[in-house]
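Subject: Structure handover

Hi,

Here is the structure for you to look over. My notes on it follow.

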Amino acid sequence: MLRLYDTASERAHELVPSSGVLGLYVCGPTVYGPPHVGHGRLALVFDVLRRYLEHRGETVRHVSNVTDVDDKIIDRSRAEGRPWQAIAEEAEAAWWSAMSDLSVLRPHEVPHATSYVEGMVELVEDLLGRGAAYRAPDGVYLSVAAVDGYGLLAHQDLEALRAGERVHAEAGKRSPLDFALWKAAKAGEPSWPAPFGAGRPGWHTECVVMSLALLGEAFSLHGGGYDLRFPHHENERAQAVALGRPFARHWVHSGLVEVGGQKMSKSLGNYLTLADLVERADPRAYRLLVLRAKYRSPLEVTPELLGEAGRAVERLDELAGRLATARPAAADPDPGGPGERSATTAADALAARFQSAMDDDLDTAGAVAALFDGVREANRLLDAADPAGAVAVGGRALECFSAVGLATSDPFSQAPDEAVQALARRRDAARAARDWAAADAARAEIEALGWRVEDSPSGTRLRR
RNA sequence: GGCGGCGUGGCCGAGUGGUUUAGGCAAGGGCCUGCAAAGCCCUGUACCCGGGUUCGAUUCCCGGCGCCGCCUCCA
């Protein structure tokens with residue numbers, strides 16, 4: 001079974017299902033602008049986790065929220081003179097479009113903060129009733145001092161956190177670390193009625209309400225980007241603790257994307273949006289780039305690296321094409337014979353290597369390394385005229401890639417238009433006549449039209 | 001200042017106390033090919049510096065240097 005590193009306990013352990021279901025809650029986007037590659041990595045990492053668990057036969061319930069009311073959305077609405085809902089809707093549409101481009105499966109549930117305000121109001125009332133929260137002129141705050149073990153995810157105690165120079169006291173707070181559960185209504189801002197005064201929810205409140213509502217108490221895993229570890233997840237946990245409700249059993253954080261060793265972020269201006277990425281690279285290249293690294297390590301992402309990974313993806317497609325051609329010949333004349341048995345054994349060994357790597361804290365880098373070994377072996381078998389063995393081993397490798405969301409396809413199956421096909425026929429004829437000059441001229445013309453020429457026993461093959 | 005992490009061969013990026021290599025891409029040589037492409041084979045004295053532990057450390061411990069993240073919104 002899969003063992004995963006848990007940020008809270010700082011060790012790897014197995015995911016624990018609740019009533020037979022693995023509930024995954026992953027903090028999704030605040031919809032105020034175009035998603036960038038960093039957001040994409042988060043989505044890919046948890047998509048890979050979800051796909052792999054399902055591949056392993058687990059029942060998974062994947063929930064990921066959309067924060068559609070927030071300071072940044074309001075700021076932008078003000079700056080652009082447009083309704084805040086319009087900003088959110090537009091940004092959310094861009095998000096799902098990017099997710100679809102990346103082949104990220106849609107989570108089973110996509111709760112929106114604005115749909116759960118009522119629940120958040122109840123939660124705040126509950127916390128006030130328990131004396132864990134207090135009212136201030138500008139809203140309601142949670143008193144961090146009332147929470148046992150505050151700082152668990154940050155791995156620092158209250159004193160150490162207080163010592164942080166960058167924590168400043170704000171208007172109504174009793175302690176600098178206290179955080180807003182509810183922000184009092186201001187003119188021109190969205191607000192909802194509440195017994196403790198109209199206003200809007202603080203960021204940390206929604207995830208508590210939505211995760212518990214959709215997954216129940218003691219759900220399996222709570223995930224997000226590494227930068228959400230503190231204060232966001234710490235503060236979510238603080239609320240659950242103050243409520244006395246069992247919360248996430250496992251905390252998982254995906255590593256940040258870097259450029260030149262620095263975090264990709266808007267303020268540094270070093271970000272690549274997912275829309276740009278899709279335009280200039282094969283989205284599968286990004287998935288492969290993510291898979292080649294440890295999910296919780298920082299990862300360098302540049303157009304050059306995407307291009308490089310793209311060439312590796314092409315190699316996978318190339319194999320898919322070779323296997324498609326080999327399949328008819330692979331029908332074993334002796335089913336169950338020694339040849340087939342050894343091919344199956346090799347394929348099983350490959351899948352076992354893949355699985356044991358994945359089970360080891362989602363070691364996708366090790367898993368991918370194993371699969372590329374399988375790719376090379378399959379190509380070797382094809383060169384050695386063993387189509388059955390190649391199909392068994394190579395097919396299994398590509399299936400495993402597909403299990404983590406990296407689909408391959410026969411690059412030769414796409415039929416070029418008639419003009420290009422005519423050139424290919426002309427080239428084959430010239431080659432048959434040993435007229436190399438004419439053959440090379442035809443090839444040059446084909447390439448000028450954007451197709452690549454490869455020779456095969458059956459003549460010219462074309463791919464993009 | 002506190003906490004956490006990183007420093008691996010041209011680049012990205014795993015991993016491990018020592019027997020056989022992560023893997024990808026790039027580079028060089030070879031096989032195949034009319035040539036090329038694709039594929040395969042081979043090659044490059046990799047583990048920041050200084051101590052320590054050890055029969056043996058890239059891998060553990062201590063110190064140093066450099067870099068990064070979080071401590072404020074952030075995937």
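Strand 11 (residues 257-259) and strand 12 run antiparallel and are joined by two bridges. Strands pair here if DSSP finds at least two bridges between them. Within this pair, Glu258 stands opposite Lys263 of strand 12. The open sheet has three strands, ordered 12-11-13, with mixed pairing. Strand 12 (262-263) and strand 13 (299-300) are the edges; each has a single partner strand, so one side of each lacks a neighbour in the sheet. Helices (H or I, at least four residues) and strands (E, at least two) are DSSP runs, numbered from the N terminus.

Some ground rules. This is a predicted model: local features need pLDDT of at least 70, side-chain atom pairs count only at pLDDT 80 or more, and totals for chains, interfaces and linings use all residues. Residues are numbered from 1 along each chain as its sequence is written, chains are lettered from A and ligands numbered from 1 in the order in which they are written, and side-chain values use heavy atoms, with hydrogens and water left out.

The search used a 1 Å grid over the protein atoms alone: a cavity is a set of points where a 1.4 Å probe fits but cannot get out, a pocket is an open set with protein on both sides within 12 Å along at least five of seven lines, and lining residues have an atom within 4 Å of a point. Points are joined across faces, edges and corners, and a volume is the space filled by probe spheres set on them.

The largest pocket holds about 920 Å³. It has 37 lining residues; Tyr32, His39, Lys72, Asp227 and Leu228 are the closest to its centre. Helix 1 (37-55), helix 2 (71-80), helix 3 (84-101) and helix 7 (229-243) each give at least two residues to this lining. Helix 1 has the largest share, four residues.

There are two cavities of 30 Å³ or more. The largest cavity has a volume of about 130 Å³. Of its 17 lining residues, Ala43, His62, Ser64, Trp95 and Pro107 lie nearest the centre. Helix 1, strand 4 (60-64) and helix 3 each give two or more residues. Helix 1 again has the largest share, with four.

The second largest cavity has a volume of about 50 Å³. Its lining includes Leu44, Val45, Val48 and Thr364. Helix 1 and helix 9 (283-291) each supply two or more residues there. Helix 1 gives the most, three residues.

Best wishes
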